[in-house]
Amino acid sequence: MAETPLQVAQPHSNSPEPPSVAEVLLDAAKINILKVQEYSKLSFRSLANLATSPRYMQDVLAQMDDIGVGSLPIVLLSGFFIGAVMVLQTGAQFERFGQSSLTGDVVSIALVRELGPSITGLLVAGRCASGIASELGSMQVTEQVDAMRAMGTDPSRKLVSPRVLATLITLPLLTTISVFVGLVGGMVASVFSLRLDATTFWERAIAILQFSDIMQGFSKTIVFGFILATVGCYQGLNVRGGTQGVGRATTQAVVVSSVLIIIADTFLTKIALFLADKVF
Amino acid sequence: MMESPSRFALTPEKSSEAAIQFSNVCMGFAEGEILCGLSFSAQPQETLVLLGETGSGKTLTLKLAAGLLRPDSGTVEVLGELVSRMSERELLVLRRKFGFVFQEGALFDSLTVGENVAYRLREDHLDEEEIEPRVRQVLEFVELGHTLNQLPSELSGGMRRRVSIARALVDRPPIMLYDSPTAGLDPITSQTIITLILRLRDVYGVTALLATHRLQDGFALANFHFDPATRRVRRNSARERPGAAVTRFLVLRDGRIYFQGSPEEFLAANDSYLQRFLI
């Protein structure tokens, strides 16, 4: 009988030893450490690029329009209703003790310190980290990023730094708008649901705020903005596997940036509370 | 029409060294080694046609030449610079002397044709008054002057490839790298692309690496030349053969050089593997 490749092949005799569990875990750890290293390098470079020319300010403005103005509708809507629902939830409890006038205090602190930055961060992460990842991912799989490098342009300068800077500028602004609209929503709810005076609500909401509260919220938005922009860029520029890979990167960008924002929020809150005690 | 020589045109008199030099280059990925011990050189104004099956490492060779990838071992030298040892920052400067035509064009899909072609000039902060005529000129060169304001998605595959060539040559680089410029195109459009490459070679005197799996592209470059006086493509005569003098074939197989030589040597080689390219 003639020898065919199928007859000659003996998979059992020549097949390599399957890797042990320890080897698999070690490989997985190495891959993840490498990813963290690559992400850290990209993040550092995105900031370092801003210190030297060329800077793509036109691209920064375009990204500010896309990230900032584009996110405005969802931030306005969600901010308004979060403020309103906060009043409805807390007002009912305060009414039991006849202290419904304190609602403005609680809603204000909660929005400025916590809900404003984190909800805005998560919403913008959902909208923009995915958008950044899919845009850069599509460019990566169609060799547009390589074409850029081949023409002497550094993709980290042209694609990453403008997105990071635009997010760092727009997210605090979006959060400020979200907090303001949230307070308006809270005021409307308190007037119609708790029968509170609008002026009283507003005066208490403003009077309770201290400088440390505003700083806490502001510093969080900077960190959240940095996280969502760099994670989106990293996932996009590291797409493998064509259009399926772009879809995977988009999902990963939202999941990773959201989780990192929540984790960072915990630590930032702890640090901010500590600094509020010691410094402010 | 642009009929002036390339901005960085290399002449054999000016440069005694090879324009592109690969020395014992090896490169692999997780799946295995793709290139192993690759050594060749391309002289100034020479066109080196890289032939090989799909996956033989043609695109990889071009990307190594442009410094888009680094070899695992060996050295890549381009225009006297050791590309394989340069930092990314240094490479970004050097790459402005390359024109790279990607297989699928790799045009920026959110920019118009005119903006794609003008990209490099705008990066160099040239005046808009200077950019516009140069963009029009180079688009006329590839016979796509009417597509200035169209998006790449509105063009056919062949037109996108020609825009890609226009974008690559707008800064008149001395080295052109073509990655399968005729792949997936009909014979007539392929002929148009090859004519453009001929014009670039014979008008500007560029050094070129052309990766392809179509032998007819290589022979077209070897047997024809563009006559700037009559502005027509002519078959090389027996006495005057400028095309054949500067076109060489390099066949890659299993990550190594299987054949390297002139078109005549290719035809004369009595080798069963090379014969398969002729069928």
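Residues are numbered from 1 along each chain as its sequence is written, and chains are lettered from A, with ligands numbered from 1, in the order in which they are written. In this predicted model, local features need pLDDT of at least 70 and side-chain atom pairs count only at pLDDT 80 or more, while totals for chains, interfaces and linings use all residues.

**View 1. Chain B touches chain A.**
Here 15 residues of chain B are in contact with 11 residues of chain A. Contact means that the C-beta atoms of two residues, placed from the backbone, lie within 7 Å. On the chain B side, α2 (88-94), β6 (98-101) and α3 (113-123) each give two or more residues. α3(B) gives the most, with three residues. Helices (H or I, at least four residues) and strands (E, at least two) are DSSP runs, numbered from the N terminus. By class, this side of chain B has 10 nonpolar, no polar and five charged residues. Ala, Val, Leu, Ile, Met, Phe, Trp, Tyr, Cys and Pro count as nonpolar; Asp, Glu, Lys and Arg count as charged; the others, Gly among them, count as polar.

**View 2. Two helices of chain A cross.**
The axes of α5(A) (residues 103-141) and α10(A) (residues 242-278) come within 8 Å and cross at roughly 150°. That angle makes α5(A) roughly antiparallel to α10(A). Axes are lines fitted to C-alpha atoms, for helices over the stretch in contact, and angles run from 0 to 180 degrees between N-to-C directions. Angles under 35 degrees count as roughly parallel, over 145 as roughly antiparallel, 65 to 115 as roughly perpendicular and the rest as oblique. The residues of this helix contact divide into 11 nonpolar, 13 polar and one charged.

**View 3. An open sheet in chain B.**
Four strands of chain B line up in the order β2-β1-β4-β5, with antiparallel pairing. β2 (32-42) and β5 stand at the edges, each with a single partner strand, so one side of each is left without a neighbour in the sheet. Two strands pair if DSSP finds at least two bridges between them. β1(B) (residues 20-29) and β4(B) (residues 73-78) pair over five bridges. Q21(B) has E77(B) as its bridge partner in β4(B). β4(B) and β5(B) (residues 81-82) pair over two bridges. V78(B) has E81(B) as its bridge partner. β4(B) and β5(B) form a hairpin with two residues between them, and L79(B) in the turn has a positive phi of about 50°.

**View 4. Helix α1 of chain B.**
Eight of the eight residues of α1(B) (residues 58-65) are buried, so this helix is largely enclosed by the rest of the structure. A residue is buried if 20 or more other C-beta atoms lie within 10 Å of its own, exposed if 12 or fewer, and partly exposed in between, with C-beta atoms placed from the backbone. Among the buried residues are K58(B), L60(B) and K63(B). Just after α1(B), G67(B) takes a positive phi of about 75°.

**View 5**
β3(B) (residues 47-52) pairs with β8(B) in the parallel sense over five bridges. V49(B) stands opposite L210(B). β7(B) (residues 175-179) also runs parallel to β8(B), joined by five bridges. D179(B) has A211(B) as its bridge partner.
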